Structure formats: structure tokens, C-alpha cells
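Take a look at the protein chain below.

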Amino acid sequence: MFTLAEVASLSDIQPTYRILKPWWDVFMDYLAVVMLMVAIFAGTMQLTKDQVVCLPVLQSTVNSKVQPDTSGKADFTTVETTTGQGEEASMRTVSFESAPTVTPAVFLSGATSSQYQSTESGQEQKKEQKDSSGRKTNLDFQQYVFINQMCYHLALPWYSKYFPYLVLIHTIILIVSSNFWFKYPKTCSKIEHFVSILGKCFESPWTTKALSETACEDSEENKQRLTGAQSLPKYVSTSSDEGSPSASTPMITKSGFKFSADKPMIEIPSVTILDKKDGEQAKALFEKVRKFRAHVEDSDLIYKLYVGQTVIKTVKFIFILCYTANFVNTISFEHICNPKVEHLIGYTQFECTHNMAYMLKKLLISYISLICVYGFICLYTLFWLVRIPLKEYSFEKVREESSFSDIPDVKNDFAFLLHMVDQYDQLYSKRFGVFLSEVSENKLRGISLNHEWTYEKLRQHVSRNAQDKQELHLFMLSGVPDAVFDLTDLDVLKLELIPEAKITAKISQMTNLQELHLYHCPAKVEQTAFSFLRDHLRCLHVKFTDVAEIPAWVYLLKTLRELYLIGNLNSENNKMIGLESLRELRHLKILHVKSNLTKIPPNITDVAPHLTKLVIHNDGTKLVVLNSLKKMTNVAELELQNCELERIPHAIFSLSNLQELDLKSNSIRTIEEIISFQHLKRLTCLKLWHNKIVSIPSSITHIKNLESLYLSNNKLETLPAAVFSLQKLRCLDVSFNSIAVIPVEIGLLQNLQHFHITGNKVDVLPKQLFKCVKLRTLSLGQNCITSIPDKVSQLLQLTYLELKGNCLDRLPVTLGQCQLLRKSGLVVEDHLFDALPSEVKEVLNQDTSIPFANGI
């Protein structure tokens with residue numbers, strides 16, 4: 001027996017996929033149920049009532065059928081024959097009055113004699129005429145049962161016996177064929193997932209909100225079109241909320257802005273309130289739809305399986321119709337049976353009746369009618385499958401009816417499933433399309449983002465940077481929260497890894513904002529926001545992977561002072577470097593490019609007359625062509641770092657206004673060209689650190705105005721006396737070389753304030769070093785120094801002294817006479833400091849308000 005729960009579970013299977021069953025599948029399911037009922041009804045009746053009744057055909061009857069009618073008339077008499085067991089059987093006999101009665105030869109059980117027949121025949125004839133009853137066949141009950149069973153199998157057509165079972169088998173095959181695509185493992189999982197997502201999309205509060213806002217937008221647009229909006233502030237929006245959005249379309253083209261006066265800014269009221277939980281569920285649905293589309297759209301297995309099962313049903317219908325039509329006439333009530341058991345029964349031929357013939361024939365006709373209807377529906381299904389391209393689905397109508405004009409068309413199994421859903425209700429695909437739209441997803445992200453990032457939370461993330469400016473760094477968000485633009489006192493805004501960043505007109509409230517960082521963030525701006533940035537922004541940092549990520553409006557910030565570009569500018573995809581519009585940045589003073597350039601782009605020289613500082617940081621790519629540097633006559637600071645330079649470029653010697661040159665991290669081995677720096681009268685700072693320089697030429701004396709010289713991390717072994725002839729030198733850094741001796745000429749540098757010789761091989765400090773009474777920073781760490789002269793007390797302005805990593809036994813007591821030196825500025829081993837007298841330690845531990853400098 002089946003329990004109620006088991007039966008209920010069977011009924012739940014069908015409603016699960018009902019949205020994928022078009023009307024013809026539903027109709028065929030009902031037809032299959034009716035055919036199944038026909039099979040069950042016919043089978044039940046056949047099990048309970050199906051039988052044949054057979055009577056022997058008497059010899060007199062056979063003879064009378066072939067003898068001529070001599071008298072011209074015949075008397076037809078119906079005879080009932082009653083067996084000894086009381087069983088009655090009806091049969092037709094024909095007797096003629098003019099013909100003598102012929103007694104059939106009946107083999108009786110026991111002894112049979114002709115005498116007995118002759119004596120009894122007269123009595124039998126008299127009794128027949130007297131009682132008008134049938135003739136006795138002298139067959140007992142078992143013989144009739146035997147004949148009935150044999151004739152059931154011999155005389156009855158096979159179709160009459162197996163009709164219910166054939167109908168049952170055919171119906172089961174048709175039912176399986178109709179629902180096989182729901183059960184096949186490779187399609188079942190996709191279908192189940194699709195139905196689950198579709199139901200959630202249909203019931204999601206975000207769907208209602210998105211479609212309601214679309215209706216609201218349409219009504220507002222119609223209202224504005226009819227009444228006009230001259231009183232509302234006009235703006236130009238370059239965002240993707242209007243028109244057809246495209247990720248590759250720049251927000252501001254190089255040809256400038258197109259102002260629009262017929263579309264004012266309208267605050268669309270929120271029709272429904274989307275709480276945080278609903279927002280998270282909607283975001284999860286967007287992700288599920290995206291992954292499901294990627295998983296299903298690349299194959300057409302579901303479509304092929306549905307076509308295949310439809311073809312199988314059609315072929316099955318044709319087969320059933322062909323062979324069933326031939327057996328309609330074979331089902332009859334009367335049948336002639338020749339069992340060939342005359343030695344057992346005594347008769348050779350029997351006439352049988354099939355009591356189920358009439359009912360089976362009616363059921364068969366009904367079954368044929370159902371099969372014909374079923375077949376016509378199968379043919380219609382095939383026509384539908386080939387009439388339109390079901391492996392392509394267009395959301396054109398949905399795009400026209402909604403503001404989500406970016407809903408993409410889909411293909412293969414994804415398209416086929418949507419076509420099937422449309423047969424159930426087109427509202428499903430319309431609501432489902434909302435979750436295929438990036439515009440819709442961006443709107444949802446914006447709502448969720450504003451719920452999460454409130455003004456109070458953003459205020460907690462504001463910090464002060466090294467320049468004592470208020471800074472806000474937003475990292476990996478779905479967009480820019482609206483509350484950001486309420487931080488009116490913000491100085492620096494950093495946006496990193498925010499692909500859908502949008503700067504609205506509310507940024508005009510941030511009157512203190514002067515610095516903006518866009519790290520992998522192709523931000524889009526509205527016209528009012530751009531006008532504000534153009535007038536107020538002074539510093540812009542852009543980090544990118546491809547030039548296309550640089551927002552086009554960057555090239556139109558005419559008041560920009562500093563521009564930092566970090567990214568790949570030398571790949572095959574970026575041969576046409578998008579810096580040609582830098583010429584519009586007429587107030588640009590500082591250009592910082594960190595890339596992999598092989599030459600300085602000519603486009604940079606377009607802004608050369610305005611530049612005062614140019615920084616190029618390569619990633620190790622050799623910078624070959626440098627002739628364009630000659631055009632940068634106003635450049636005061638030049639940095640060419642990590643450019644694989646082997647010599648000082650000659651183009652630099654033409655920069656008459658150059659004040660600071662930094663050639664850090666190159667491959668420079670010799671600097672004989674340094675004599676040409678004598679023409680650069682304003683050069684005060686030369687940084688040649690992190691190279692492979694072996695020696696310093698004596699021609700360095702010609703750089704009379706040099707104030708800072710950085711030669712750290714090279715391969716120097718000596719310091720020539722020419723270095724100490726630079727009387728204006730205030731900072732000398734020769735750290736991490738192989739210098740063993742500090743020349744006594746160092747005493748000539750009376751203006752020296754910072755001296756760094758850390759990481760060398762110095763073992764003795766010359767007394768002349770302490771004649772540089774203006775020294776504020778002295779780095780002597782990681783050498784071989786064994787003692788510090790007491791004359792260190794002459795360095796009254798010393799604020800930083802590094803001695804750690806030497807071979808010192810003690811520190812001079814005279815350190816206490818260095819009035820500005822404190823413990824925080826004394827870098828030395830703890831045991832050496834502890835060995836100092838207590839009064840010296842007290843002096844060094846005193847607080848001071850005078851800051852120290854390390855000179856770097």
C-alpha cells in the first residue's frame with residue numbers, strides 16, 4: 001500500500017517544473033493520463049470478464065447449408081441444448097421438413113453401437129418436434145471448459161488479448177518521452193537551478209522596486225516632455241543611467257561636452273524601501289544569474305534533448321497509428337475455431353463468441369482518437385521548434401519597456417529555457433531580465449552601498465596624512481557612497497579598485513578637495529562635477545593597467561598642477577598612447593610617469609614649456625631615446641629612475657634651468673660627462689645613488705653651486721679631494737660603498753650639515769671632520785671605527801649621530817656638550833649608552849623642542 005506522504009511527493013514533482021511546460025506539453029500530459037485510464041479500464045475488464053464461449057458446429061447444420069431446397073420452403077428452428085451438468089449454450093440449427101433427419105455420429109463415452117443410435121433416433125426426433133428444444137451434444141462441462149480455453153488462444157486475434165497491455169506500454173513510453181529532459185542528469189541540474197533562480201527573481205523585492213522606478217521614470221519623463229522644466233537646474237550627465245551604457249565608452253569625449261537642456265536632474269522617489277537583507281539577497285541573485293549564464297549559455301544539450309524526445313513521440317505516434325488501424329476490424333464478436341482435438345471431443349469445428357469484443361472495439365476507437373490528437377500536437381511542437389530560432393533570445397521588448405537598455409541577448413540553452421518560460425507567462429522573462437542588466441545591478445549596489453556607508457561610518461575612516469591633510473581612502477567598493485560628498489572638509493580623496501565609481505554634482509560641496517587618487521578606478525563624472533574639478537583640483541593620481549582606464553576627462557582639467565600616471569604605456573595595445581591631450585593641461589607643473597617606456601613620448605613634450613618637474617620611473621626597461629628632453633627648458637627637477645642608463649644622457653646638459661637631477665637605480669659606471677654640468681648654473685642637487693660608479697672625476701669641482709651630492713650604494717673606494725672643493729656643499733651621502741679613509745680635506749666643507757658614510761670600511765675619524773661645526777646629521781654606522789674623538793663636542797648643532805655597528809669600547813664623555821643631541825637622535829648600542837656617566841645621560845635624556853633632521 002502507498003502512504004499519503006508518498007503519493008503527495010509524487011504530485012509535487014510536476015508543479016516544480018510547470019513554468020517550463022508549454023500548453024502542448026500540458027495537454028499531452030492529460031492525453032497520456034486518459035490513455036493510461038483506458039489501458040487500466042480495459043485491463044481490469046479483461047481480467048474479470050474476458051472469455052469466449054464455444055459450441056460445436058453440428059453435422060446436420062453443415063449439411064443443410066449445402067443441400068438444395070427441394071420443397072421450396074424451410075423451417076428455421078432455434079434449438080437449445082442442455083448438457084447433463086445444466087450448462088446452456090445457444091446455437092443455430094436449420095431443419096428442412098422434406099428432408100430426413102440425419103443423426104450425427106456422436107462418440108459417447110463407454111460402448112457405442114449403431115443399434116442404440118437407431119432405436120434412439122426416432123425417440124429423439126419425436127422429442128425435438130414435441131419440445132422444440134436444442135440437440136444434445138453429449139459434451140460434459142470439462143470438455144466445454146477445455147474447448148473454451150483452447151479457442152481463446154487459437155481463434156481469438158492476439159490484439160484482442162493484449163490490447164490493454166499494449167496501450168499501457170505505449171502510454172508509459174510517451175510519458176517518459178515527455179518528461180525525460182526533466183530527469184536526465186546533465187539537464188536536470190541546469191533546469192532545477194534555472195527554475196529556482198527564476199522563482200527567486202520573480203519574487204524578489206528588488207524586481208518590484210526596479211520596475212516601479214522604471215515606471216516612475218517614464219511618468220516623470222512624459223510629464224517633463226509635456227510641461228517643460230525651465231525652472232529646474234539643467235545639467236549634463238555622462239553616466240550610464242541614461243541611454244545605452246557601455247563600459248568602453250568614455251564619459252567625456254575629446255571633442256568636449258554636449259550640453260543638454262531637455263533632461264533636467266530629477267530625484268526619483270523611492271517607491272519601495274529595500275532593507276539590508278533584501279539588498280543582500282538581490283546581490284546574491286545577480287551573482288547566481290551571472291554564473292548560471294556562463295555555465296548554460298555555452299551548450300545546447302537541453303534544446304537537442306527536447307527536440308529528440310519530440311521526434312521520438314512523433315515517430316511513436318505514427319507507428320501506433322499505422323499498426324492499430326489494421327486491427328480495428330479484427331476485433332469481432334463471432335469466431336470460428338478448429339482446435340484439431342476431434343479424438344477428444346468428437347467435433348472438428350466450433351463457433352465461439354467473445355463477450356468483450358464490443359467494449360474492446362469502442363475502447364480501441366477511443367484510443368485511436370486520442371493518439372491522433374496526441375500526434376497532431378507533436379507535429380505542432382516540431383513546427384514550433386523549427387519555426388523560430390529557439391537558440392537565440394532577444395530582450396528587445398523588455399529593453400523598450402524599461403530603462404534597462406543594456407539587457408543582453410542570450411543564446412543556446414539559456415535562450416531555449418527563456419522561450420519555454422514565455423509559453424507559460426512572459427512576465428517571468430521580463431522580471432528575470434532585470435537581473436541581467438548591469439544598470440540594474442549598479443542601482444542595487446548604490447542603494448546597498450548608501451545603506452552601509454553612512455556619513456558617520458565614513459567620518460571614522462578619515463585620517464591625517466604626512467602632510468597633515470584630511471584623507472579618505474575607499475578600497476574595493478561597488479561605487480562611491482553619496483555620503484562621501486558630505487565630507488566638506490576633506491582634502492584628499494583616494495578611490496581604489498572601484499570599477500563603477502561615479503562622481504556626482506554633490507562633489508561641489510567639497511570646497512577643500514584639491515587632491516584626488518584614482519587607482520584602477522575609471523571614474524565617471526557629471527557635467528557639474530567636472531566643472532568643479534576643473535576649477536578646484538590641483539593634484540591627480542591615476543593608476544591603471546591599460547591606457548583605456550584613464551578617464552577622458554582627465555585631459556581637460558586645465559587648472560591641474562600635478563599629474564601622476566602609474567601603469568603600462570608601452571604594450572602593443574597602447575602604441576597610440578593616450579597622452580596626446582596633455583597639451584590642454586596648460587597649468588601642469590609636475591608630471592610623474594611610472595611605467596615601462598623605451599622613449600619619452602613626444603606627447604609629453606607638448607606640455608614641456610609648462611613643466612617644472614618631470615619624473616620617469618621605469619620598471620627596468622631601458623630608456624633609449626632622450627632627445628626630446630631638450631625641449632623641456634623650464635624643467636627644474638628631473639628624475640630618471642630604474643631606466644637602465646649606462647651614462648649620463650647628453651640631452652640633460654641642455655636643461656639650463658635644471659636644479660635637481662636624480663638618476664637613481666640605473667647602470668651608470670662612469671660619470672666623466674659630469675664636466676658638462678658646469679653649464680647648468682642652477683644645479684644644486686645631484687643624486688647618482690644606487691648605480692655602479694667606481695670613481696668620482698676631479699671635474700666635479702666645476703659644479704660650483706652644488707649643495708647636495710648623493711653617491712650612496714655605488715662601488716667607490718676613495719673620495720677625491722675635488723669633492724671637498726665644493727664650498728656650498730651642505731649634504732654629502734656616500735653610504736654603502738667601500739671607502740676606507742675620510743680625507744682630511746673634509747674640514748674645508750664649512751657649510752656641510754649632513755654627512756652620511758654608513759656601511760663603509762672607515763676605521764679612523766680625522767680631527768678635521770669636527771671642524772664642520774654646522775653638522776646636524778652625522779651617520780657613521782656599520783664601519784670599523786674604534787674610537788670617537790673628544791672633539792665631537794665642537795659639533796654644537798648636532799641632532800643626529802649614528803654609531804651603531806662599529807668597534808667602539810666607549811663613548812666620549814664630551815657628547816654631553818652637544819647641546820642639541822638627545823638620546824632619540826643617538827643611534828648606538830645600549831651597553832655603550834649605559835656606560836656613560838649619569839650626568840651625561842641626564843643631559844641626553846632631556847626633552848627638547850628643536851626637531852632633528854636626518855638629511856635624507
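The paragraphs below go from the whole chain to single residues.

This is a predicted model, in which local features need pLDDT of at least 70, side-chain atom pairs count only at pLDDT 80 or more, and totals for chains, interfaces and linings use all residues. Residues are numbered from 1 along each chain as its sequence is written, and side-chain values use heavy atoms, with hydrogens and water left out.

The protein chain has 21 helices and 26 strands. Helices (H or I, at least four residues) and strands (E, at least two) are DSSP runs, numbered from the N terminus. Of the 856 residues, 48% are buried. Buried means under 20% relative accessible area, exposed means over 50%, and partly exposed lies in between (1.4 Å probe, protein chains only). Now take the contacts with a separation of 6 or more: 58% of them join residues 24 or more positions apart. Contact means heavy atoms within 4.5 Å.

Turn to a pair of helices. Two packed helices are described by the angle between their axes and the distance between the axes. Helix α10 (residues 301–325) packs against α12 at about 150°, and the axes are 9 Å apart. Axes are lines fitted to C-alpha atoms, for helices over the stretch in contact, and angles run from 0 to 180 degrees between N-to-C directions. Residues of α10 in the contact include Tyr-303, Val-307 and Phe-317. From α12, Leu-364, Ile-368 and Leu-382 are among them.

What does Ala-636 touch, leaving aside its neighbours within four places in sequence? Ala-636 is in contact with Thr-612, Asn-657, Leu-658, Gln-659 and Glu-660. Ala-636 lies in the loop between β17 (613–618) and β18 (637–641). Its relative accessible area is 15%, so Ala-636 is buried. Leu-614 is 22 residues away along the chain, yet the two C-alpha atoms are separated by 8.4 Å.

Most residues other than glycine have a negative phi. Lys-340 has a positive phi, near 60°. Lys-340 sits in the loop between β4 (334–337) and α11 (342–345). Lys-340 counts as exposed because its relative accessibility is 75%. His-690 also has a positive phi, near 55°. The loop of His-690 runs between β20 (685–687) and β21 (708–710). Here the relative accessible area is 31%, so His-690 is partly exposed.
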